[in-house]
Amino acid sequence: MEAKSLTKREAEIAELFAWGASKKDIAERLFISERTVENHARNIYEKTGCSKVNELAAWWFCTKFHISFDLSPLKRKVIATTLVALLMPQIFNFDNVAIRVRTRNTCRTVRVIRSRRKFEDDFATVEF
């Protein structure tokens, strides 16, 4: 994805789009009208070859941090696998689990806390 060079203002607006700002936010921050932001956005999309703000954000970050657009499928799989492996402990963090217990007349919540002792099966419950 080879892009023509952006003007200073277009680069500024592209960066704000990349960080998630809306057209209204950009207009207020740069003291310009929303119509002017739309005109700049149209030029940015034409120059970068992007058609959506998500594509523009990806383009901006890849360009800013010198990330290649042409990753091989093998490299993509390795990167994805690495990211998943790094996030797994956070996704499956079952140290504190809250369980809702219903009896005939009451409903209470019990928190099951896994003990960090040498026995994995050692649990403690705390009512709150």
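Hi everyone. Before I start, a quick definition: when I say two residues are in contact, I mean that they have heavy atoms within 4.5 Å. With that in hand, let me begin with leucine 30: leaving aside residues up to four places away in sequence, leucine 30 touches Arg9, Glu12, Ile13 and Leu16. Please keep in mind that what you see above is a predicted model.

Let me step back to the overall layout. The protein has 5 helices and 3 strands, and along the sequence they run α-α-α-α-α-β-β-β. Of its 128 residues, 20% are buried. As for contacts between residues at least 6 apart in sequence, 30% of them join residues at least 24 apart.

In soluble globular proteins, nonpolar side chains tend to be buried together. Here, the largest nonpolar core has 17 residues, and Leu30, our opening residue, is among those with the most contacts inside it, along with Ile13, Phe17, Ile26, Val37 and Leu56. Which elements give two or more residues to this core? They are α1 (8-18), α2 (23-30), α3 (34-48) and α4 (53-64). Helix α1 provides the largest share, with 5 residues.

On to the charged residues. Side chains of opposite charge can pair when their charged atoms come close. We count 3 salt bridges in this model, so let's walk through them, using the cut-off of a Lys or Arg side-chain nitrogen within 4 Å of an Asp or Glu carboxyl oxygen.

Two of the residues touching leucine 30, Arg9 and Glu12, also pair with each other: arginine 9 and glutamate 12 form a salt bridge, with their closest N and O atoms 3.1 Å apart. Both sit in helix α1, 3 residues apart, which is about one turn of the helix. Arginine 9 is partly exposed at 29% relative accessibility, and glutamate 12 is partly exposed at 33%.

Next, glutamate 10 and lysine 47 meet in a salt bridge at 2.8 Å, N to O. This pair links distant parts of the chain, with glutamate 10 in helix α1 and lysine 47 in helix α3, 37 residues apart. Is glutamate 10 buried or exposed? Its relative accessible area is 4%, so glutamate 10 counts as buried. Lysine 47, at 21% relative accessibility, is partly exposed.

The remaining bridge joins arginine 35 and glutamate 38, at 3.6 Å from N to O. These two both lie in helix α3, 3 residues apart. Arginine 35 is exposed, at 52% relative accessibility, while glutamate 38 is partly exposed, at 28%.

While we are in helix α3, have a look at threonine 48, which is found there too. Threonine 48 has a relative accessible area of 1%, so this residue is buried. What does its side chain reach at 2.8 Å? That would be the backbone oxygen of isoleucine 44. The side chain of threonine 48 also reaches the backbone nitrogen of cysteine 50, at 3.3 Å.

Last stop, the surface. Ile79, Leu83, Leu86 and Leu87 form a nonpolar patch there, with about 390 Å² of accessible area together. Isoleucine 79 belongs to helix α5, residues 73-91, and its relative accessibility of 42% makes it partly exposed.

Methods:
Residues numbered from 1 in each chain as written. Predicted model: local features only at pLDDT ≥ 70, side-chain atom pairs only at ≥ 80, totals over all residues. Heavy atoms only, no water. Patch = residues over 30% accessible without salt bridge, like charges linked within 9 Å, V, L, I, M, F, W, Y side chains within 5 Å. Areas by Shrake-Rupley, 256 points an atom, 1.4 Å probe, with all protein chains shown as cover. Helix = DSSP H or I, 4+ residues; strand = E, 2+ residues; numbered from the N terminus. Buried < 20%, exposed > 50% of the residue type's maximum accessible area, 1.4 Å probe, protein only. Core = buried A, V, L, I, M, F, W, Y, C linked by side-chain atoms within 4.5 Å. Polar contact = N/O pair within 3.5 Å; in protein donor to acceptor, adjacent residues only side chain to side chain.
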